[in-house]
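The sequence and structure are shown first, and the description follows.

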Amino acid sequence: MKLNKTTAGNIFLFAAFLMGQVIISVTSFAQTIIPVQTQHNALVIAAEKDKDIRIIFFGKKLADINEYKLLQGAYKQTEEYTGLASSVYTPSGSRNLLEPAITVTHADGNNSLDLRYVSHRQIKVDDNVSILSILLKDPVYDFQVTLFYKSYFREDVVEQWSEIKHGEKDKVILQKYASANLHIKAKSYWLNQYHGDWAKEMQPEESRLTHGIKTLDSKLGTRANLFQPSVFMISLDKPATEEEGNVLYGALEYSGNFKIDLEVDYQDNLRIIAGINNYASPYTLKPGETFTTPAFLYTFSDKGKGNASRQLQSWARNYKLLNGNGDRLTLLNNWEATYFDFNETKLAELIKDTKKLGVDLFLLDDGWFANKYPRNDDRAGLGDWQENRKKLPDGISSLVKEAQGNGVKFGIWIEPEMVNPKSELYENHPDWVVKQPAREEHYFRNQLVLDLSNPKVQDFVYGIVDNLFTKNPELSYIKWDCNAVIYNAHSAYLKNQSHFYIEYMRGLYNVLKRIRTKYPSVPMMLCSGGGGRVDYAALQYFTEFWPSDNTDPLERIFIQWEYSYFYPAISSSNHVTDWGKQPLKFRTDVAMMGKLGFDIVVSKLSANDLRFCREAIASYKSLKDVIWHGDQYRLASPWENDVASLMYVNAERRRGVVFNYLVSNRYGAGSKLPVKLKGLDPLRKYRISEINLYPGTYSSLENGQLYSGDFLMNVGFNPQVNSGRASVVFQIDEEL
Ligand code: GLA
């Protein structure tokens with residue numbers, strides 16, 4: 001963080017180095033100004049000792065830190081009426097009458113809370129990351145909240161969370177306990193939110209926020225994002241575009257129930273209150289115990305959505321996603337090729353096909369386990385993680401060997417949090433199952449959820465993974481599925497049912513932490529019947545996610561497009577399948593915009609199809625560094641154009657790849673205009689060459705032609721997409 005020294009007036013700046021910790025603030029007579037600054041942005045907080053603390057600014061940062069003191073004059077308002085003065089983390093039951101961030105019932109039954117500023121400190125973790133903490137206390141009750149702001153300077157990302165603690169005589173009930181509370185001022189606010197369902201994830205909707213509260217939430221327990229994820233964007237003053245406008249991206253780093261309240265208040269401020277959903281979850285906090293909320297992450301861009309998403313993607317690769325800057329395995333999955341119907345001979349063929357195709361790994365999907373109630377469809381066997389003796393008499397280990405013999409790796413599907421009522425697991429441990437003791441069971445995909453709040457269940461779930469690796473040390477990949485939501489939420493283990501949803505998630509994270517302690521780097525795919533659970537708390541443990549079971553390439557363009565605003569390409573598992581009417585080339589070109597995989601019957605491919613796939617995989621391998629680690633630019637949206645285009649360019653701006661897809665078949669749709677590329681160096685020369693040509697077809701582009709970056713970005717390049725060339729991929733290489 002850079003500081004400007006000043007001696008001016010009543011302002012002084014002090015930086016004290018205390019045992020490696022640096023405290024930074026600007027203090028005037030009346031108040032302390034605490035800026036949370038990143039490379040381009042600032043969240044500015046004003047605090048008075050033992051008094052109120054409020055957010056006075058959020059947006060593009062000022063060049064001079066000392067001018068933040070002038071902000072309050074710029075925004076005049078009558079905060080005393082509603083307690084907006086405590087906008088940094090609004091308590092309830094005292095002066096605030098708007099939506100609170102925190103509500104408590106004290107040990108004596110009193111429902112009021114006030115939170116006054118006590119102190120703050122800033123720790124520099126390294127040259128990019130700092131953590132600011134602000135201590136707030138109730139002047140009457142022995143109750144405190146510490147707010148944390150972890151800022152990533154270069155990426156312009158802030159993670160914010162809270163720690164809640166008290167020293168009262170008895171337990172305190174936390175009725176609401178948000179992670180963060182932001183307060184923004186603009187003329188108008190435009191929300192871009194998402195909704196969906198199975199095979200229909202990430203459907204965007206944009207609307208102007210009106211006065212009152214708009215809530216984004218989930219009460220599904222597991223698979224919490226099925227109908228609505230916690231990711232959203234807020235444009236200020238007018239809807240931001242890819243290239244222009246002020247836009248905030250927000251997301252809760254949590255895999256369970258979440259709640260995000262967006263309140264446009266009577267003074268036209270936008271108040272964002274994000275955290276765990278308090279639905280059915282008042283939390284009993286013992287004296288001395290600390291309740292830590294999950295982090296709410298946000299980034300802000302004054303240069304539109306594209307810039308915001310590149311910030312977020314690079315943050316994810318650098319700090320969150322497991323092995324975000326590393327390598328990934330291309331694979332062949334057997335789900336759509338066989339469903340539950342396979343045996344050793346069939347799998348041996350598929351393993352040979354994996355080699356033939358030229359991908360790194362064979363992924364065995366659902367159906368390999370359970371004996372008393374064999375897993376031959378989705379109605380039985382879930383929970384009994386022993387190899388099915390009929391299908392696999394020689395077990396997984398023989399398949400792993402078979403794979404090794406063919407020079408490919410082997411991965412396996414599990415769904416360890418779940419149980420079919422028709423299973424030995426259910427028979428032996430009915431008390432491990434989430435269900436209401438006195439009510440009829442209600443199923444989602446014929447299954448129930450295991451009670452991960454119970455440490456024995458955590459051991460069991462951990463054991464599934466650990467056993468697989470212990471018995472098969474060469475196992476190279478896990479697909480972790482989660483196909484049911486939680487109905488009839490009740491734990492036979494917990495005394496306090498109100499803690500169930502929270503303890504479930506703690507249990508899940510405990511298990512994932514244990515797995516990662518012992519197996520730190522094995523790639524794992526986060527799947528939830530498609531993209532029912534994609535979030536940055538889970539992605540710390542996973543290398544990739546499954547965006548949707550919908551692999552129709554046309555739909556996938558839209559689904560992958562929307563995910564790409566929040567998640568980097570390296571994390572998006574895109575498989576070529578037989579869904580949709582498009583030719584193999586189109587399906588492959590679409591899957592290549594993320595982490596490429598296949599789920600097709602290789603033996604049924606024609607010679608040309610196979611040749612095409614092999615060549616495409618070879619091209620992908622030569623370009624994967626650009627796709628996985630480069631900057632992504634969305635050039636032409638599928639929602640607004642006949643041809644959707646997006647590109648990746650490496651950090652050195654020497655190499656790029658551009659994907660173009662026809663998304664409309666009306667009136668001779670195709671690329672009428674050149675598409676303007678982005679992220680290149682205007683002064684360098686680039687050579688263009690079309691790749692992924694189907695055998696026997698020829699490129700209609702002027703391959704090999706040199707263009708300046710200036711030309712490609714200002715005039716553009718026409719990929720000549722039309723119904724005969726429905727998808728076109730070309731690479732760009734700097735001419736050295
Ligand atoms: C879920 C997954 C699929 C597949 C099936 C197996 O639906 O999303 O990819 O693994 O389960 O039952």
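The model discussed here is predicted, and it contains eight cavities of 30 Å³ or more. The volume of the largest cavity is about 90 Å³. Its lining is made up of Val36, Thr38, Asn41, Ala42, Leu43, Phe58, Asp156, Val158, Tyr298, Thr299 and Phe300. By class, the residues lining the largest cavity comprise seven nonpolar, three polar and one charged.

**Pockets**

| Pocket | Volume | Lining residues by class |
|---|---|---|
| Largest pocket | about 770 Å³ | 14 nonpolar, eight polar, twelve charged |
| Second largest pocket | about 580 Å³ | twelve nonpolar, five polar, seven charged |

The largest pocket has a volume of about 770 Å³. It is lined by 34 residues, and those closest to its centre are Leu635, Ala636, Ser637, Glu640 and Asn641. Several elements contribute at least two residues each to this lining, namely β13 (189-195), β14 (203-208), α9 (553-564), β33 (631-636) and β34 (643-649).

For the second largest pocket, the space amounts to about 580 Å³. Of the 24 residues in its lining, Thr292, Thr293, Pro294, Ala295 and Tyr509 lie nearest the centre. The elements giving two or more residues to the lining of the second largest pocket are β10 (157-166), β21 (290-292) and α8 (500-518). Which of these elements supplies the largest share of that lining? The largest share comes from α8, with six residues.

**Sheets**

Strands of a sheet pair through backbone hydrogen bonds, in either a parallel or an antiparallel manner. Both kinds of pairing are described below, beginning with the parallel kind.

An open sheet of eight strands has the order β30-β29-β28-β25-β24-β23-β32-β31, and its pairing is parallel. Strands β30 (544-545) and β31 (573-576) stand at the edges with a single partner strand each, so one side of each has no neighbour in the sheet. Within this sheet, β23 (residues 331-333) and β24 (residues 361-364) run parallel and are joined by three bridges. Leu332 has Phe362 in β24 as its bridge partner. A helix is also placed against part of the sheet: α10 (residues 584-591) lies across β31 and β32 (595-598), and it runs at about 170 degrees to β31.

A further open sheet consists of three strands in the order β6-β11-β20, with antiparallel pairing. Its edge strands are β6 (102-105) and β20 (283-285), each of which pairs on one side only. On average, neighbouring strands of this sheet are turned by 35 degrees against each other, direction ignored. Strand β11 (residues 172-177) pairs with β20 over three bridges in the antiparallel sense. Val172 stands opposite Leu285 in β20.

**Confidence**

It remains to consider the confidence assigned by the predictor. Over the chain, the mean pLDDT is 94, and 94% of the residues reach 70 or more. What does pLDDT do over residues 1-24? Over that stretch pLDDT stays under 50, and the model has 50 contacts for these residues beyond four places in sequence.

Technical notes:
Residues are numbered from 1 along each chain as its sequence is written. This is a predicted model: local features need pLDDT of at least 70, side-chain atom pairs count only at pLDDT 80 or more; totals for chains, interfaces and linings use all residues. Side-chain values use heavy atoms; hydrogens and water are left out. Two strands pair if DSSP finds at least two bridges between them. Helices (H or I, at least four residues) and strands (E, at least two) are DSSP runs, numbered from the N terminus. Contact means heavy atoms within 4.5 Å. Axes are lines fitted to C-alpha atoms, for helices over the stretch in contact, and angles run from 0 to 180 degrees between N-to-C directions. pLDDT is the predictor's confidence in each residue, from 0 to 100. On a 1 Å grid over the protein atoms alone, a cavity is a set of points where a 1.4 Å probe fits but cannot get out, and a pocket is an open set with protein on both sides within 12 Å along at least five of seven lines; lining residues have an atom within 4 Å of a point. Grid points are joined across faces, edges and corners, and a volume is the space filled by probe spheres set on the points. Ala, Val, Leu, Ile, Met, Phe, Trp, Tyr, Cys and Pro count as nonpolar, Asp, Glu, Lys and Arg as charged, and the others, Gly among them, as polar.
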